[in-house]
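Take a look at the aromatic rings in this structure. We will follow them step by step.

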Amino acid sequence: MIRVELAKVFRRPRTYVIAGLLCALPLIVAIFLATTRIPPPPGQGGAFLSAVLSNGALYPAAAMALVLPIFLPVSVAVLAGDAVAGEASGGTLRYLLIRPVGRTRLLVAKLLALVTFVLFAIVAVVLTSYASGVLLFGVSTSSAGVTLPPDVTSLSGVTISPAGLALRLLGTVGYIVISMLGVAAIALFLSTVTDSALGAAMGALAVLVTSQVLVTLDAAAAIRPYLPTRYWLAWVDFFRDPVLWRDIERGAGIQLVYLVVLLGAAWANFLTKDITT
(Lines give C-alpha, C1' and ligand atoms only; values in the text may rest on other atoms or scores of the structure.)
Protein backbone atom coordinates (compact mmCIF):
# COMPACT_ATOMS: atom_id res chain seq x y z
CA MET A 1 0.00 0.00 0.00
CA ILE A 2 2.82 2.38 0.84
CA ARG A 3 4.51 1.62 -2.48
CA VAL A 4 1.26 2.35 -4.29
CA GLU A 5 0.86 5.74 -2.58
CA LEU A 6 4.50 6.65 -3.22
CA ALA A 7 4.05 5.73 -6.86
CA LYS A 8 0.98 7.98 -7.06
CA VAL A 9 2.97 10.91 -5.68
CA PHE A 10 6.09 10.50 -7.76
CA ARG A 11 4.44 9.52 -11.05
CA ARG A 12 2.41 12.70 -11.17
CA PRO A 13 4.05 15.63 -13.00
CA ARG A 14 2.69 18.06 -10.41
CA THR A 15 5.12 16.67 -7.81
CA TYR A 16 8.09 17.73 -9.90
CA VAL A 17 6.45 21.00 -10.93
CA ILE A 18 5.96 21.88 -7.25
CA ALA A 19 9.53 20.89 -6.38
CA GLY A 20 10.82 22.88 -9.35
CA LEU A 21 8.93 25.98 -8.30
CA LEU A 22 10.23 25.65 -4.74
CA CYS A 23 13.80 25.48 -6.09
CA ALA A 24 13.22 28.31 -8.57
CA LEU A 25 12.51 31.02 -5.98
CA PRO A 26 15.88 30.74 -4.16
CA LEU A 27 17.65 30.51 -7.51
CA ILE A 28 16.02 33.72 -8.77
CA VAL A 29 16.87 35.54 -5.52
CA ALA A 30 20.46 34.27 -5.70
CA ILE A 31 20.86 35.56 -9.26
CA PHE A 32 19.64 39.03 -8.29
CA LEU A 33 21.89 39.13 -5.21
CA ALA A 34 24.93 37.93 -7.15
CA THR A 35 24.29 40.40 -9.96
CA THR A 36 23.69 43.51 -7.87
CA ARG A 37 25.65 42.60 -4.69
CA ILE A 38 23.06 44.66 -2.80
CA PRO A 39 22.09 43.02 0.51
CA PRO A 40 18.67 43.59 2.11
CA PRO A 41 18.54 46.46 4.65
CA PRO A 42 19.02 45.42 8.30
CA GLY A 43 15.86 43.81 9.64
CA GLN A 44 14.38 43.32 6.17
CA GLY A 45 14.48 40.46 3.71
CA GLY A 46 14.95 36.77 4.49
CA ALA A 47 17.29 35.42 7.11
CA PHE A 48 20.95 34.95 6.07
CA LEU A 49 20.57 36.83 2.76
CA SER A 50 23.22 39.38 3.75
CA ALA A 51 25.60 36.69 4.99
CA VAL A 52 25.54 34.69 1.76
CA LEU A 53 27.23 37.51 -0.16
CA SER A 54 30.47 36.58 1.60
CA ASN A 55 29.89 32.82 1.80
CA GLY A 56 27.65 30.88 -0.56
CA ALA A 57 27.73 27.78 1.66
CA LEU A 58 25.13 29.42 3.89
CA TYR A 59 22.63 29.86 1.07
CA PRO A 60 20.62 26.67 1.86
CA ALA A 61 19.62 28.28 5.17
CA ALA A 62 18.57 31.43 3.34
CA ALA A 63 16.61 29.30 0.85
CA MET A 64 14.72 27.62 3.69
CA ALA A 65 13.77 31.04 5.05
CA LEU A 66 12.46 31.99 1.60
CA VAL A 67 10.26 28.96 0.92
CA LEU A 68 8.99 28.21 4.44
CA PRO A 69 6.53 31.05 5.14
CA ILE A 70 4.36 30.53 2.03
CA PHE A 71 5.44 28.22 -0.76
CA LEU A 72 6.25 25.04 1.16
CA PRO A 73 3.11 25.12 3.38
CA VAL A 74 0.93 25.75 0.30
CA SER A 75 2.50 22.76 -1.46
CA VAL A 76 1.97 20.47 1.54
CA ALA A 77 -1.61 21.69 2.05
CA VAL A 78 -2.50 21.06 -1.60
CA LEU A 79 -1.14 17.50 -1.59
CA ALA A 80 -2.53 16.61 1.84
CA GLY A 81 -5.92 18.09 1.00
CA ASP A 82 -6.05 15.92 -2.10
CA ALA A 83 -5.04 12.74 -0.25
CA VAL A 84 -8.54 11.50 0.64
CA ALA A 85 -10.88 14.12 -0.82
CA GLY A 86 -9.23 13.78 -4.23
CA GLU A 87 -9.91 10.04 -4.24
CA ALA A 88 -13.52 10.68 -3.23
CA SER A 89 -14.17 13.37 -5.84
CA GLY A 90 -12.51 11.23 -8.51
CA GLY A 91 -14.74 8.26 -7.67
CA THR A 92 -11.82 5.96 -6.81
CA LEU A 93 -12.06 5.90 -3.01
CA ARG A 94 -15.04 3.55 -2.87
CA TYR A 95 -13.44 1.05 -5.23
CA LEU A 96 -10.12 1.32 -3.39
CA LEU A 97 -11.78 0.35 -0.10
CA ILE A 98 -13.66 -2.55 -1.71
CA ARG A 99 -10.27 -4.18 -2.10
CA PRO A 100 -8.76 -5.76 1.05
CA VAL A 101 -7.28 -2.44 2.21
CA GLY A 102 -8.04 -1.29 5.73
CA ARG A 103 -8.90 2.37 6.22
CA THR A 104 -6.24 2.78 8.88
CA ARG A 105 -3.63 1.25 6.58
CA LEU A 106 -4.70 3.55 3.74
CA LEU A 107 -4.50 6.66 5.93
CA VAL A 108 -1.04 5.70 7.25
CA ALA A 109 0.19 5.05 3.70
CA LYS A 110 -0.99 8.47 2.57
CA LEU A 111 0.70 10.14 5.55
CA LEU A 112 4.00 8.38 4.81
CA ALA A 113 3.74 9.45 1.18
CA LEU A 114 3.29 13.05 2.33
CA VAL A 115 6.33 12.78 4.62
CA THR A 116 8.37 11.44 1.68
CA PHE A 117 7.25 14.34 -0.52
CA VAL A 118 8.20 16.90 2.14
CA LEU A 119 11.66 15.33 2.49
CA PHE A 120 12.06 15.21 -1.28
CA ALA A 121 11.09 18.87 -1.69
CA ILE A 122 13.32 20.12 1.14
CA VAL A 123 16.34 18.09 0.01
CA ALA A 124 15.84 19.40 -3.53
CA VAL A 125 15.81 22.99 -2.25
CA VAL A 126 18.89 22.42 -0.06
CA LEU A 127 20.94 20.80 -2.83
CA THR A 128 20.04 23.27 -5.56
CA SER A 129 20.49 26.28 -3.27
CA TYR A 130 23.88 25.00 -2.07
CA ALA A 131 25.02 24.52 -5.67
CA SER A 132 23.75 27.95 -6.74
CA GLY A 133 25.20 29.61 -3.61
CA VAL A 134 28.67 28.15 -4.11
CA LEU A 135 28.56 28.88 -7.84
CA LEU A 136 27.32 32.47 -7.57
CA PHE A 137 28.89 33.60 -4.29
CA GLY A 138 32.02 31.45 -4.15
CA VAL A 139 33.88 29.47 -1.49
CA SER A 140 37.05 29.94 0.49
CA THR A 141 40.41 29.47 -1.18
CA SER A 142 43.85 28.89 0.30
CA SER A 143 46.92 30.99 -0.44
CA ALA A 144 47.92 28.38 -3.01
CA GLY A 145 44.64 28.88 -4.83
CA VAL A 146 43.22 25.52 -3.73
CA THR A 147 39.51 25.48 -2.98
CA LEU A 148 38.77 24.66 0.65
CA PRO A 149 35.54 23.64 2.39
CA PRO A 150 34.15 26.97 3.53
CA ASP A 151 33.83 27.90 7.19
CA VAL A 152 30.68 29.78 8.12
CA THR A 153 30.17 32.40 10.80
CA SER A 154 27.21 31.68 13.06
CA LEU A 155 24.66 34.27 14.12
CA SER A 156 26.63 34.52 17.36
CA GLY A 157 29.83 35.42 15.51
CA VAL A 158 31.48 32.04 16.05
CA THR A 159 32.98 30.12 13.13
CA ILE A 160 31.13 26.93 12.16
CA SER A 161 33.14 24.14 10.54
CA PRO A 162 31.84 22.40 7.38
CA ALA A 163 30.89 19.35 9.48
CA GLY A 164 29.09 21.60 11.98
CA LEU A 165 27.25 23.33 9.14
CA ALA A 166 26.12 19.98 7.75
CA LEU A 167 24.78 18.91 11.15
CA ARG A 168 22.92 22.19 11.61
CA LEU A 169 21.40 21.86 8.13
CA LEU A 170 20.27 18.32 9.00
CA GLY A 171 18.68 19.67 12.17
CA THR A 172 17.00 22.39 10.12
CA VAL A 173 15.62 19.86 7.64
CA GLY A 174 14.29 17.67 10.45
CA TYR A 175 12.64 20.61 12.20
CA ILE A 176 10.99 21.89 9.02
CA VAL A 177 9.71 18.40 8.23
CA ILE A 178 8.06 18.27 11.67
CA SER A 179 6.58 21.73 11.11
CA MET A 180 5.15 20.70 7.73
CA LEU A 181 3.67 17.55 9.25
CA GLY A 182 1.51 19.88 11.34
CA VAL A 183 0.28 21.44 8.09
CA ALA A 184 -0.29 17.99 6.59
CA ALA A 185 -2.30 16.91 9.64
CA ILE A 186 -4.63 19.91 9.33
CA ALA A 187 -5.20 19.36 5.60
CA LEU A 188 -5.50 15.57 5.95
CA PHE A 189 -8.15 15.95 8.63
CA LEU A 190 -10.14 18.35 6.44
CA SER A 191 -9.65 15.95 3.52
CA THR A 192 -11.58 13.30 5.48
CA VAL A 193 -14.36 15.77 6.26
CA THR A 194 -15.06 16.98 2.72
CA ASP A 195 -15.05 15.46 -0.75
CA SER A 196 -13.47 18.60 -2.20
CA ALA A 197 -9.68 18.53 -2.42
CA LEU A 198 -9.64 22.27 -3.09
CA GLY A 199 -11.86 22.90 -0.07
CA ALA A 200 -9.57 20.88 2.20
CA ALA A 201 -6.47 22.68 0.95
CA MET A 202 -8.09 26.11 1.23
CA GLY A 203 -9.35 25.29 4.72
CA ALA A 204 -5.85 24.35 5.86
CA LEU A 205 -4.41 27.51 4.33
CA ALA A 206 -7.11 29.59 6.05
CA VAL A 207 -6.05 28.09 9.39
CA LEU A 208 -2.40 28.93 8.69
CA VAL A 209 -3.12 32.48 7.53
CA THR A 210 -5.24 33.07 10.63
CA SER A 211 -2.41 31.71 12.78
CA GLN A 212 0.12 34.01 11.10
CA VAL A 213 -2.10 37.04 11.71
CA LEU A 214 -2.67 36.14 15.36
CA VAL A 215 1.06 35.60 15.92
CA THR A 216 1.64 39.30 15.17
CA LEU A 217 -1.35 40.49 17.24
CA ASP A 218 -0.56 41.58 20.79
CA ALA A 219 -4.17 40.99 21.80
CA ALA A 220 -3.69 37.29 21.02
CA ALA A 221 -0.63 36.94 23.27
CA ALA A 222 -2.42 34.43 25.51
CA ILE A 223 -2.82 31.88 22.71
CA ARG A 224 0.26 32.80 20.67
CA PRO A 225 2.48 30.00 22.08
CA TYR A 226 -0.06 27.40 20.91
CA LEU A 227 -0.52 28.60 17.33
CA PRO A 228 0.77 26.22 14.62
CA THR A 229 2.95 28.84 12.92
CA ARG A 230 4.37 30.42 16.10
CA TYR A 231 7.71 28.60 16.05
CA TRP A 232 8.13 27.93 12.33
CA LEU A 233 11.30 30.03 12.12
CA ALA A 234 12.83 28.67 15.34
CA TRP A 235 15.22 26.58 13.19
CA VAL A 236 17.29 29.77 12.86
CA ASP A 237 18.51 29.02 16.38
CA PHE A 238 20.44 26.04 14.99
CA PHE A 239 22.82 28.65 13.54
CA ARG A 240 23.64 30.20 16.90
CA ASP A 241 26.50 29.06 19.09
CA PRO A 242 25.57 27.47 21.36
CA VAL A 243 22.31 26.30 19.80
CA LEU A 244 19.28 27.82 21.54
CA TRP A 245 17.03 24.82 22.09
CA ARG A 246 14.08 26.43 23.92
CA ASP A 247 12.03 27.56 20.92
CA ILE A 248 13.11 24.56 18.85
CA GLU A 249 11.83 22.17 21.50
CA ARG A 250 8.62 24.13 21.98
CA GLY A 251 8.00 24.30 18.25
CA ALA A 252 8.56 20.57 17.77
CA GLY A 253 6.32 19.82 20.75
CA ILE A 254 3.46 21.97 19.45
CA GLN A 255 3.63 20.35 16.01
CA LEU A 256 3.62 16.86 17.52
CA VAL A 257 0.51 17.74 19.55
CA TYR A 258 -1.26 18.99 16.39
CA LEU A 259 -0.09 15.87 14.57
CA VAL A 260 -1.40 13.43 17.19
CA VAL A 261 -4.71 15.23 17.80
CA LEU A 262 -5.60 15.94 14.16
CA LEU A 263 -4.44 12.59 12.81
CA GLY A 264 -6.46 10.94 15.55
CA ALA A 265 -9.50 12.98 14.52
CA ALA A 266 -8.87 12.18 10.84
CA TRP A 267 -8.59 8.47 11.65
CA ALA A 268 -11.76 8.47 13.76
CA ASN A 269 -13.72 10.35 11.09
CA PHE A 270 -12.41 8.29 8.18
CA LEU A 271 -13.00 5.01 10.03
CA THR A 272 -16.71 5.74 10.46
CA LYS A 273 -17.30 7.74 7.28
CA ASP A 274 -19.93 6.47 4.85
CA ILE A 275 -18.12 6.26 1.53
CA THR A 276 -20.66 6.80 -1.25
CA THR A 277 -18.39 8.03 -4.04
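Is Phe 10 buried, partly exposed or exposed? The model is predicted, and in it Phe 10 has a relative accessible area of 22%. Buried would need a value under 20%, so Phe 10 counts as partly exposed.

Now turn to ring pairs. A pair of aromatic rings is described by two things: the distance of the centres and the angle of the planes. This structure holds 5 aromatic pairs. One of them joins Phe 10 and Phe 120. Their ring centres are 5.3 Å apart. Their planes stand at 90°, so this pair is edge-to-face. Follow the chain between the two residues. Phe 10 lies in helix α1, residues 2–11, and Phe 120 lies in helix α6, residues 103–137. The two are 110 residues apart, and the pair links these distant parts of the chain.

Stay with Phe 120. This residue is partly exposed, at 29% relative accessible area. Phe 120 also forms an aromatic pair with Tyr 16. Here the centres are 6.0 Å apart and the planes meet at 85°, which is again edge-to-face. Tyr 16 sits in helix α2, residues 13–36, while Phe 120 is in helix α6, so this pair ties together parts that are 104 residues apart in sequence. Tyr 16 is partly exposed too, with a relative accessibility of 41%.

Ring pairs link Phe 10, Tyr 16 and Phe 120 into a cluster.

One more ring deserves a stop. Which charged end sits over the ring of Tyr 231? That of Arg 230 does, 4.5 Å from the ring centre.

Technical notes. Residues are numbered from 1 along each chain as its sequence is written. This is a predicted model: local features need pLDDT of at least 70, side-chain atom pairs count only at pLDDT 80 or more; totals for chains, interfaces and linings use all residues. Side-chain values use heavy atoms; hydrogens and water are left out. Rings of Phe, Tyr and Trp (its six-membered ring) pair if their centres lie within 6.5 Å; planes under 30 degrees apart count as stacked, over 60 as edge-to-face and the rest as tilted. Helices (H or I, at least four residues) and strands (E, at least two) are DSSP runs, numbered from the N terminus. Buried means under 20% relative accessible area, exposed over 50%, partly exposed in between (1.4 Å probe, protein chains only). A charge sits over a ring if NZ of Lys or CZ of Arg is within 6 Å of the ring centre and within 35 degrees of the ring normal.
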